[in-house]
Amino acid sequence: MLGQMMSMPLLTSSLLLHAESQHGDREIVTRRVEGDIHRMTYRDLGRRARQLASALVGRGVQPGRRVATLAWNTHRHMELYYAVSGMGSVLHTINPRLHADQVVYIADHAEDQVLFFDLTFLPLVEAIAGRVGTIRTFVAMTDRAHMPASKIDGLLCYEDLLAAEDDRFEWPEFSEEEAATLCYTSGTTGNPKGVLYSHRSTLLHTYAAALPDSLNCSARDTILPVVPMFHVNAWGLPYVACMVGAKLVFPGAGLDGKSLYELFEAEGVTLSAGVPTVWQGLLSHVAANDLRFSTMRRTVIGGSACPPAMIRSFQDEHGVQVIHAWGMTEMSPLGTVCALKARHDALTPDQRLAVQSTQGRAVFGVSMKIVDPDGRALPHDGAASGDLLVRGPWVVSRYFREEGPGPLVDGWFPTGDVARIDADGFMQITDRSKDVIKSGGEWIGSIDLENIAMAHPAVAMAACIAARHPKWDERPLLIVVRRPGMALSREELLAFYDGKIAKWWTPDDVVFVDSIPLGATGKMLKHKLREQYKDHELPAA
Ligand code: AMP
């Protein structure tokens, strides 16, 4: 027997409509790349998103088609979030820190039609404009007064586009299973892979993210997402903010400690979110200038493991609660949040810190299991460590336009993380089995780096692994076997990377060895190398 409740699709436009009607005068503040502080309300957001949707429809952007961005966290990016998905098209947020070649690959793979970009990224857009296959329309996210002189043919101005439209656009109703946004991640092998979120997955994720034992957001909060809107939708905060009616503060391009601190204080930010590297910059600034947070109450830290010293510094010195969270692009991204249970109140501060240093427990909607190399489930006893698999309504089932069987194993998504889970459900990442390096919250493809090294005539074999780095968490370390009789120095090999990758991808160090351990099928045993070089000291560290 079917239930008899209204069947209403879960669409992102409903979040915007709710924010407009229930929190219409709540502010959205942006430090813009043009240098000013811009203020508007959720009512303005609704109006401007409708104008933008009208403009896009008028330019022939059809439902399901991809509209790309290369943009910071700003009110205009937020308008794009709601306009593009709301009209039934797909917002594709591209990571502007990637090399131009990768941006071209991703834009072509996604078959993007329109590209919106912040002025900061004009040089990148000019470098790719003649190379991308499907983008016909380029829009600079600025006003007429700041339009740059550019070689891009027919470059459009964002504010002109909006000004030409009225705000009578009505958000269409369609299936909640339709795609809303697209985000590419570094897969374990080869090229970046697209994760295509649906309206349904986004809305369910938003409910889960807002919960008290998740990111704990309410109408009383002022939220500043430091995590970029091109990184898994800023961990869902642009949606959560509309759902709960929080004031939003967007930092634009100013992500250094000083700029962030000033914005926190000026706007009364209560909650923020970002990767550990960003907080390191902020904490150093605060310590060096003997500053205090007057309104900050909580900060979400994830993307890579939050060091216990950082938790202690935030909580003990500044009274800011750390919410340690784990997730992935493939998980929208929320998987676990380290929210303490009532009985943890009885723990000593050191014991509590130990719990908070774990990645936390699954939010409702996400199931987790750990398995041994044969796929057998391991106990959740806090001791056994195995490959972590997840499932849930906001977990990827297949990568965008991917052929073949897809990533799932018996209906579970293998995360590439290795973890243990205790009897309380608290999960702790112990290692990573996937072949990628995470530097300051951004992926570096180890296979790309190996392929470049292998193209050098003096290299017989090369393996690239993550080495610990105090600031960036991980940096690439290259292990190389030279060809017999050939000379090659560290400097020569590193210079060989120039121009082939984004500069910050260049390995930090090279170690020359006689041989690299191989497995039975001839594959390099990277876990052995990781173990062997886990204490390797990088020259720059
Ligand atoms: P991304 O797809 O860029 O969000 O990266 C997801 C990956 O980042 C995870 O699979 C983990 O390897 C790593 N990661 C994310 N959050 C954490 C965390 N709190 N602790 C350790 N690793 C993390």
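Tutor: Helices (H or I, at least four residues) and strands (E, at least two residues) are DSSP runs, numbered from the N terminus. The model is predicted: local features need pLDDT of at least 70 and side-chain atom pairs count only at pLDDT 80 or more, while totals for chains, interfaces and linings use all residues. Residues are numbered from 1 along each chain as its sequence is written, and side-chain values use heavy atoms, with hydrogens and water left out.

Student: Which of the 16 residues around the ligand come nearest?

Tutor: The shell around the ligand holds 16 residues. Those that come nearest are Ala-325, Thr-329, Asp-417, Lys-434 and Lys-438.

Student: How much of the area that the ligand exposes alone does the protein bury?

Tutor: Polar contacts here are pairs of N or O atoms within 3.5 Å; within protein, one must be able to donate a hydrogen and the other to accept it, and residues adjacent in sequence count only if both atoms are side-chain atoms. A ligand nitrogen lies 3.0 Å from a polar backbone atom of Gly-303, while ligand oxygens lie 2.6 Å from a side-chain N or O atom of Asp-417 and 3.1 Å from one of Arg-432. Taken alone, the ligand exposes 500 Å² (Shrake-Rupley method, 1.4 Å probe; for residues, only the protein chains shown count as cover).

Student: Within what arc do the buried residues of helix 14 fall?

Tutor: Buried means under 20% relative accessible area, exposed over 50%, and partly exposed in between (1.4 Å probe, protein chains only). In helix 14 the buried residues are Ser-446, Leu-449, Glu-450, Ile-452 and Ala-453. Seen down the helix axis, they line one face of helix 14, because the directions from the axis to their C-beta atoms fall within an arc of 160 degrees.

Student: Which helices are among the elements that cover the buried residues of helix 14?

Tutor: Contact means heavy atoms within 4.5 Å. The cover includes strands 21, 22, 23 and 24. It also includes helix 15 and helix 16.

Student: Is Ala-455 buried or exposed?

Tutor: Ala-455 is found in the loop between helix 14 and strand 23. Its C-alpha atom is 9.4 Å from that of Phe-496, 41 residues apart along the chain. Because its relative accessible area is 53%, Ala-455 is exposed.

Student: What is the relative accessibility of Ala-234?

Tutor: Ala-234 is found in helix 8, and its phi is positive, near 50 degrees, although the residue is other than glycine. Ala-234 counts as buried because its relative accessibility is 0%.

Student: What is the relative accessibility of Glu-111?

Tutor: Glu-111 is not a glycine, yet its phi is positive, about 55 degrees. It lies in the loop between helix 4 and strand 5. Glu-111 counts as partly exposed because its relative accessibility is 34%.

Student: Which residue has a backbone nitrogen that the side chain of Asp-372 reaches?

Tutor: Asp-372 is in the loop between strand 17 and strand 18, and it counts as buried because its relative accessibility is 16%. At 2.9 Å, its side chain reaches the backbone nitrogen of Asp-374.

Key. A residue is near a molecule or strand if one of its heavy atoms lies within 4 Å of it.
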